[in-house]
Amino acid sequence: MKKVMVFIDFENFNIATVNYYRWMGKDAPRLDYGKIPREIVKMLPGHNELVKTFLFAPKPDDFLMRDRKRKNIYDWLNGLKNQKYFSVIEGQHIARPVSGFTKEQMDIERPQTYYVQEKGTDINMGVHIVSKGFLNAYDTAVIVSGDSDYLPILNILDTIGKIAVVVGVKDQHMQKLRNASDDLILLDEAYFNRCKRNE
């Protein structure tokens, strides 16, 4: 029985899912993030046990918390912390003024006055994947992200003899990650239908 840990880059995965459904002319469904890792592990060959899931997501700064949509997403992510065998690791979303505006002139109702910088997600995810690999906490790392920044992490996992499975969304361009991993799984509508939230 192989021990599996799932590491989800929330923002990358969420954007890819929304884009996939937009391409089909549909709205993305509301997903149950407890089901997502369980359904992925069912797709792996052999006998596998899901040990734990780590979700990496940015926390909006005080300014961005004034945006109701961002705050609602953050509150929902906070609720995921109550699930068993599931950890939410926070990075940061920081608002910065665009050129020609000062910090005082940023207006949450006027997105043209600021841009959002993400900090911490990639490094947090990389540190957790590598450190847990060296500690033999898992046999297989499932990395849910299409971000090629994780290529050095995949190389380390290969060096220490861990199985690395990269998971993306159908139509994501993931050739570099495919070449550096043991397996690549692309999720489609049939998969997402199995992971919808019960509302």
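Reader: What is the strand order in the open sheet, and how many strands does it have?
Author: In this predicted model, the open sheet has 7 strands in the order β4-β3-β2-β1-β5-β6-β7, with mixed pairing; strands are DSSP runs of E with at least two residues, numbered from the N terminus, and two of them pair if DSSP finds at least two bridges between them. The edge strands are β4 (114-119) and β7 (183-187), each pairing on one side only.

Reader: And what does the twist average from one strand to the next?
Author: The twist averages 20° from one strand to the next, where axes are lines fitted to C-alpha atoms (for helices over the stretch in contact) and angles run from 0 to 180 degrees between N-to-C directions.

Reader: How do I read the numbering and the confidence limits?
Author: Residues are numbered from 1 along each chain as its sequence is written. Local features need pLDDT of at least 70 and side-chain atom pairs count only at pLDDT 80 or more, while totals for chains, interfaces and linings use all residues, and side-chain values use heavy atoms, with hydrogens and water left out.

Reader: Back to the sheet: in which sense do β1 and β2 pair, and over how many bridges?
Author: β1 and β2 pair in the parallel sense over 8 bridges, and the bridge partner of Val4 in β2 is Leu50. β1 also runs parallel to β5 (residues 140-144), joined to that strand by 5 bridges, with Ile8 standing opposite Val144.

Reader: Is β1 (residues 2-9) mostly covered or mostly open?
Author: Strand β1 is mostly covered, with 6 of its 8 residues buried, that is, under 20% relative accessible area with a 1.4 Å probe and protein chains only.

Reader: Switching to helices, what does α1 lie across?
Author: α1 lies across β1, β2, β3, β4, β5, β6 (163-169) and β7, at about 75° to β1; helices are DSSP runs of H or I with at least four residues.

Reader: What about the largest pocket, what is its volume?
Author: Its volume is about 840 Å³, meaning the space filled by probe spheres set on grid points joined across faces, edges and corners. A pocket is an open set of points on a 1 Å grid over the protein atoms alone, where a 1.4 Å probe fits, with protein on both sides within 12 Å along at least five of seven lines, and lining residues have an atom within 4 Å of a point.

Reader: Which residues are closest to its centre?
Author: Of the 26 lining residues, the closest to the centre are Phe10, Asn14, Val18, Lys69 and Ile73. The largest share of the lining, 8 residues, comes from α1.

Key
Buried means under 20% relative accessible area, exposed over 50%, partly exposed in between (1.4 Å probe, protein chains only). Contact means heavy atoms within 4.5 Å.
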